[in-house]
Amino acid sequence: MRPDDWERVKELRLDALRDPVAHLAFLETYENAAAKPDSFWQDRAVTSGEGSTTARQVIAETADGSWAGSVTVLVEEAGTTDWAGFPVERRQGHVVGVFVRPEHRGNGVIEALFKAGVAWAWEQQAERVRLFVHEDNARAQAAYRKIGFAPSGLVVSFSKDEAEKELEFVLERSV
Ligand SMILES: CC(C)(COP(=O)(O)OP(=O)(O)OC[C@H]1O[C@@H](n2cnc3c(N)ncnc32)[C@H](O)[C@@H]1OP(=O)(O)O)[C@@H](O)C(=O)NCCC(=O)NCCS
């Protein structure tokens with residue numbers, strides 16, 4: 001994704017937040033995101049666009065130029081504290097914003113997105129890549145296992161409802 005793609009970043013994100021499983025998949029609501037000013041999306045497109053070394057949003061584009069899906073990889077530095085208050089012990093990638101448009105699901109787009117996102121994380125010297133997935137998001141969990149991720153055993157409360165859980169899935173660097 002390039003910084004001048006910000007309007008398409010916004011459009012894809014708002015579509016993701018209207019997905020039937022958005023309440024499990026994403027912490028943000030459609031209403032909150034839709035209310036954000038253009039400057040928010042412009043900043044996001046700079047901080048996770050081509051040229052940034054702290055985050056990278058990867059887009060799957062179809063032959064006609066439309067966007068089929070996206071993942072974003074954030075770099076987490078060793079010695080920092082993560083969003084849930086846990087120490088980050090190793091430099092790692094953290095995948096967020098995983099979304100494939102319904103009409104492109106089940107055809108390998110998710111594998112292609114992760115291949116590019118994970119390769120970028122290794123280029124940034126990450127030692128592992130992780131993500132969090134809701135305990136009831138069975139399709140996403142199956143997709144992550146297929147790609148090579150496995151549960152680490154770390155379970156955190158889902159911030160929208162403390163009674164629900166999110167599972168950490170990890171892909172270790174092999175070389
Ligand atoms: C999660 C997501 C990116 C995965 O992409 P996808 O193209 O749907 O994934 P795939 O179909 O390749 O893989 C999912 C696997 O789960 C299986 N599956 C489908 N529905 C399932 C269900 N309800 N329960 C369990 N497994 C299911 C599929 O059969 C497939 O396995 P297979 O390839 O061995 O047949 C996509 O479904 C999506 O955008 N979902 C909405 C947003 C979301 O949940 N994001 C993740 C937030 S952590």
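1. Is G49 buried, partly exposed or exposed? The model is a predicted one, and in it G49 has 19 other C-beta atoms within 10 Å. A residue counts as buried at 20 or more such atoms and as exposed at 12 or fewer, so G49 is partly exposed.

2. G49 belongs to the loop that joins α4 and β1. Apart from neighbours within four places in sequence, its contacts are M1, R2, P3, D5 and Q57. Between G49 and A119 there are 15 Å in space, C-alpha to C-alpha, at a sequence distance of 70 residues.

3. On the overall fold, the protein contains six helices and six strands, arranged along the sequence as α-α-α-α-β-β-β-α-β-α-β-β. The C-alpha trace spans about 40 × 35 × 35 Å along its principal axes. The radius of gyration is 16 Å, which agrees with the value near 16 Å for a compact globule of 175 residues.

4. Of these 175 residues, 27% count as buried. Among contacts with a separation of 6 or more, 58% link residues 24 or more positions apart.

5. Helix α1 (residues 6–16) has W6, V9, L12, R13 and A16 as its buried residues. These lie on the same side of α1, because they cover an arc of only 125° around the axis. An α-helix has 3.6 residues a turn, so residues three or four places apart point the same way. The elements covering the buried residues of α1 include α2 (22–25), α3 (30–34), α4 (38–47), β1 (55–61), β2 (67–76) and β3.

6. The largest nonpolar core comprises 30 residues, of which V9, V71, V95, L113 and V129 touch the most other members. At least two residues each come from α1, α4, β1, β2, β3, α5, β4 (128–134) and β6 (161–172). Helix α5 gives the largest share of this core, five residues. Leaving out residues up to four places away in sequence, L113 touches V58, A60, G69, S70 and V71.

7. Around the ligand there are 18 residues, and A25, R105, A138, A142 and A143 come nearest. By class, this shell has twelve nonpolar, four charged and two polar residues. Its contributors of at least two residues each are β3 (92–100), α5 (109–123) and α6 (138–147). The largest share, six residues, is supplied by α6.

Definitions and conventions: Residues are numbered from 1 along each chain as its sequence is written. This is a predicted model: local features need pLDDT of at least 70, side-chain atom pairs count only at pLDDT 80 or more; totals for chains, interfaces and linings use all residues. A residue is near a molecule or strand if its C-beta atom, placed from the backbone, lies within 6 Å of it. Helices (H or I, at least four residues) and strands (E, at least two) are DSSP runs, numbered from the N terminus. Ala, Val, Leu, Ile, Met, Phe, Trp, Tyr, Cys and Pro count as nonpolar, Asp, Glu, Lys and Arg as charged, and the others, Gly among them, as polar. The arc is that of the directions from the helix axis to the C-beta atoms. Two residues are in contact if their C-beta atoms, placed from the backbone, lie within 7 Å. A nonpolar core is a set of buried Ala, Val, Leu, Ile, Met, Phe, Trp, Tyr and Cys residues joined through C-beta atoms within 7 Å. The radius of gyration is taken over C-alpha atoms; the globule rule is 2.2 Å times the number of residues to the power 0.38.
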